[in-house]
Amino acid sequence: MDSTPRPENSDPAAARYPGQGKLTEGSARYSRRRAPRWLLVAGASVAVLLVALLVFGGYWAFRLQSNIKSSALGAGGLRSEGPVDDRTDRLQVLILGTDTRDGKNAAYGTADQSSGYGQSDVMMLLDISANNQDVNVISFPRDLLVDVPSCQDQDTDRQYVARPGAMINSAMAEAGIGCAVDTVNEVTGFEIDHFMMADFNSVKELSNAVGGVDVCVDAAVFDPDSGLRLPEGTSSVQGDQALAFLRTRYAFADGGDLGRIQAQQAFLGSLTRKLKDEGTLRNPQKVLGIADTVTRNLTVDEGLASIPALLTIADRLKNIDPARVNFITVPTIPAADPNRLQLSEPAAGNLFAALRQSADLAGPAPAPSDVPPAEAPSPGYDRSLQPVLIANGTTVPGRSHDLTPILTGAGFTNLSRIEAQPADETTIYYGPDFDDVAADVAALFGLPASKVQADPSVYGVQLYLGIDFTSGTKPSVTEPSARDVVAQTAEDQKCQAVR
């Protein structure tokens, strides 16, 4: 038995340890002295961590929020749809790239080239399905001629008149970003929900923030205008070279805007794959860096001018399958000015109709609308006096006589007929000042606007029958599928064809 003397418990209030008898005075002092210190250190650590997180989070929230610049969504255009729920509804966001040389962009030219709002050097419509399964990115060539509606600058209240046949990239230059939104709405029949606009500098900084983007060219390229210099094959570009890749107009394909759009789509596809493959969106440090870069160079509509609103869009995109991200260029044909483009019909109309119905272009196409019946004689001219020639290029003798009753029944009685060289497609040609007559004749036979062409050598109107019109009362016009216009997806890895 241990005979070691033990200290007396002189303190009648000595602390008791349940089930273990009395604690000695020394043990009680030890407990009072050391346990609170441990708790104090742990508590202080947690408190410091919480404060650090709050301060850090507050700093970033303030910094990111203060970065954002906003502008009005429209420029006076009428809207019939109510607001959407950004979290659950189908969403359409117009992505704009301005060519302004103001501020940090002065290195890329002078103010007389573009200043203020700038022209929309890049115009893409981001279309996200309600279930986040389908994303379409529709590119509009900057050389596309469209009807720009009347617009009011929301900053200055200055009113600008409508401009028919104007370049689409000029809509923003006069009346601001909202006018670009209203113009795309009018061209497509959509009502865009949001917009995001970035400048030259944003491309440089974003490509640096993600550590470069892989691009591919099928031959070595040097473009002195943009400064692009790449070897054959795949290269990682960032900073000035990333910007040059997106801006070059003469290095790829036919040296026009359509080749530049293909390069832009390939760049975005590669960027999408990089963000997903490297788990960037799961790395808080990288996400904060990218968010800071994006917001410092971004102008959005008031509905997106908050961090939670932007995070909502990002959250909807983070799990999308790259194979379901479709890059589309609006169907176009050369305009009368060979340096300009116009919408190709009926392909463009089919695309917009399909998109208005659903973001899933692989789904069933919308039912074709019936051609409206022939209208009464248009005010301003007498149909019985208008010269209309029926040229039979169907290879079926006498075919022009079969269609004569349709024209005479509509009031066109000044007719002549000839046998002509075979043609594949039925086309209407018209001479100066006969555009309205040609449109009425086209309506009789259900011909789209793309099959009505001006020809100064024609007197009056010429209905040139093609092999597509060997029977019936309307030609067998082949309607292109909306899906046919998908150029590539974000999963595709394409090399750009160097001129």
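Two strands count as paired if DSSP finds at least two bridges between them. Strands (E, at least two residues) and helices (H or I, at least four) are DSSP runs, numbered from the N terminus. In this predicted model, I428 has L463 of β22 as its bridge partner.

**Basis of the model**
- The model is predicted: local features need pLDDT of at least 70, side-chain atom pairs count only at pLDDT 80 or more, and totals for chains, interfaces and linings use all residues.
- Residues are numbered from 1 along each chain as its sequence is written, and side-chain values use heavy atoms, with hydrogens and water left out.

**The protein as a whole**
- The protein contains 11 helices and 23 strands.
- Of its 499 residues, 44% are buried, meaning under 20% relative accessible area with a 1.4 Å probe, protein chains only.
- Of the contacts (heavy atoms within 4.5 Å) between residues at least 6 apart in sequence, 71% join residues at least 24 apart.

**A five-stranded sheet**
- Five strands form an open sheet with mixed pairing, in the order β19-β18-β22-β20-β21.
- Its edge strands, β19 (415-419) and β21 (452-454), each pair on one side only.
- Neighbouring strands of this sheet are turned by 20° against each other on average, direction ignored; axes are lines fitted to C-alpha atoms, for helices over the stretch in contact, and angles run from 0 to 180 degrees between N-to-C directions.
- Strands β20 (residues 427-430) and β22 (residues 461-465) are antiparallel partners over four bridges.

**The helix across the sheet**
- Helix α11 (residues 435-444) lies across β20, β21 and β22, and runs at about 165° to β20.

Methods
Buried < 20%, exposed > 50% of the residue type's maximum accessible area, 1.4 Å probe, protein only.
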